[in-house]
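Biologist: Please take a close look at the side-chain contacts in this model. Go through them one by one and give the cut-offs as you use them.

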Amino acid sequence: MKRLELPHQLADYLCPVNGLCDVYEWKTGKRIPEELIFYSKAGFQMISQKKAAVPKMIFMGQGSIGKREYEFWKGIIGYEVIAGEGKCFRTTMKNVRELLDKDIPVILFGLDMFYLPYQRKFYHRQHIPGHVVLMTGYDEANVYVHDNSKAEVQTIPIAELELAWAEDYIGISKKNAYFGIDMKSPETDMAWIVRKGIGKNAETYLSSPLSFIGQKGLDRFIGEFSEWKNIFSEEELQKIYSHFIEYTGSILPELPYEISGRRSGIINPHRASRDKFAQTLVKYKNFFGEEAWEEAAHHFQKGGKIIEKIVDGFIEDVTNCSFGQPEKYIPLFQVLRGCEEEAFCKILYTQN
């Protein structure tokens with residue numbers, strides 16, 4: 001049996017970074033705002049896989065979530081990541097217990113809420129994969145976790161955890177994925193952490209060495225998008241458009257009612273979190289002494305509205321199975337490119 005006593009705060013819909021912020025506060029007594037960690041990864045990424053179910057996957061973020069997220073921040077915040085995935089459950093439990101025994105909290109990644117008893121809305125009612133919690137303890141029958149949506153420590157029976165953790169998560173992680181956060185020597189200047197992380201992301205967007213990420217990726221997409229109607233089948237185009245729509249949800253990935261036929265009850269505009277990042281920049285600009293963030297926020301807000309307009313068109317195309325006029329979106333993507341460039345340049349300017 002092992003139990004670590006860590007501070008914890010609620011952070012709705014920010015489960016991928018909530019545990020990371022808990023560990024940082026545990027080690028420093030300071031709290032990095034989850035919003036700045038999570039929403040600052042705005043950007044662009046186009047994954048091309050000819051044989052995949054979705055041959056062109058567009059993400060309006062850089063690095064997505066999962067291992068890349070934790071690797072991005074480790075050198076800035078000051079921790080080491082001990083990661084594992086794809087192994088059998090028994091081996092995985094042995095590994096995470098050993099980390100807890102060394103006082104290293106462990107992020108459990110890609111859980112299905114259908115099997116989490118404390119998630120009463122979804123438990124044995126609805127499959128919600130991809131959830132992330134911070135494991136802070138265990139005994140023979142249970143693990144104990146911090147959940148971003150719950151104030152107190154929560155209990156997951158080990159038998160339920162095995163089921164919740166049994167599937168890969170949409171190409172982001174394999175089953176039984178975990179990330180031990182060994183924060184031996186954290187950077188205590190929180191303002192430096194935030195500026196460095198946001199600035200690094202801006203620099204990556206504007207001058208990525210990879211052709212599928214950032215501005216280069218967006219340019220490549222704009223250059224080839226009009227030809228996709230001649231390359232992919234109608235079924236493939238429907239999947240490509242639907243993927244784009246789903247992953248532009250500002251709060252979480254979600255297909256709108258017009259396509260899914262379901263209403264989640266969550267206010268979730270399809271602005272690719274540009275609206276959330278803009279609000280966060282304005283909220284913290286005075287705290288961190290970055291007045292220029294307000295101007296960057298203006299460009300992100302504008303870009304978010306353009307993304308929403310594109311999504312509205314994509315929804316109509318998907319519902320009508322009509323993909324013959326992709327050219328009509330090119331001017332919108334070009335305007336979006338300008339908004340993104342202005343926003344990231346303004347952020348990068350504040351670093352100099």
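**Cysteines and aromatic rings**

Modeller: The cysteine sulfur closest to that of Cys15 belongs to Cys21 and is 12 Å away, too far for a bond. This is a predicted model, in which local features need pLDDT of at least 70 and side-chain atom pairs count only at pLDDT 80 or more, while totals for chains, interfaces and linings use all residues. Residues are numbered from 1 along each chain as its sequence is written, and side-chain values use heavy atoms, with hydrogens and water left out.

A disulfide is a covalent bond between the sulfur atoms of two cysteines; here the term requires a pair of cysteine sulfur atoms within 2.5 Å. The structure holds zero disulfides. Cys21 is in none, since the nearest cysteine sulfur, that of Cys15, is 12 Å away. Cys15 is buried, with a relative accessible area of 13%, and Cys21 is buried at 2%. Buried means under 20% relative accessible area, exposed over 50%, and partly exposed in between, with a 1.4 Å probe and protein chains only.

Now the rings. A pair of aromatic rings is described by the distance of the centres and the angle of the planes. Rings of Phe, Tyr and Trp (its six-membered ring) pair if their centres lie within 6.5 Å; planes under 30 degrees apart count as stacked, over 60 as edge-to-face and the rest as tilted. The structure holds 29 aromatic pairs.

One of these joins Phe59 and Tyr247 edge-to-face, at 5.3 Å centre to centre with 70 degrees between the planes. Phe59 lies in strand β3 (residues 56-61) and Tyr247 in the loop between α9 (234-246) and α10 (257-260), so the pair ties together parts that are 188 residues apart in sequence. Helices (H or I, at least four residues) and strands (E, at least two) are DSSP runs, numbered from the N terminus. Both Phe59 and Tyr247 are buried.

Phe89 and Trp165 also pair edge-to-face, with 6.3 Å between centres and 80 degrees between the planes. This pair links distant parts of the chain, 76 residues apart: Phe89 is in helix α4 (residues 89-101), and Trp165 is in the loop between α5 (158-164) and β9 (177-182). Phe89 is buried at 12% relative accessible area, and Trp165 is buried at 0%.

Elsewhere, ring pairs link a cluster whose members include Phe44, Phe221, Trp228, Tyr241 and Phe333.
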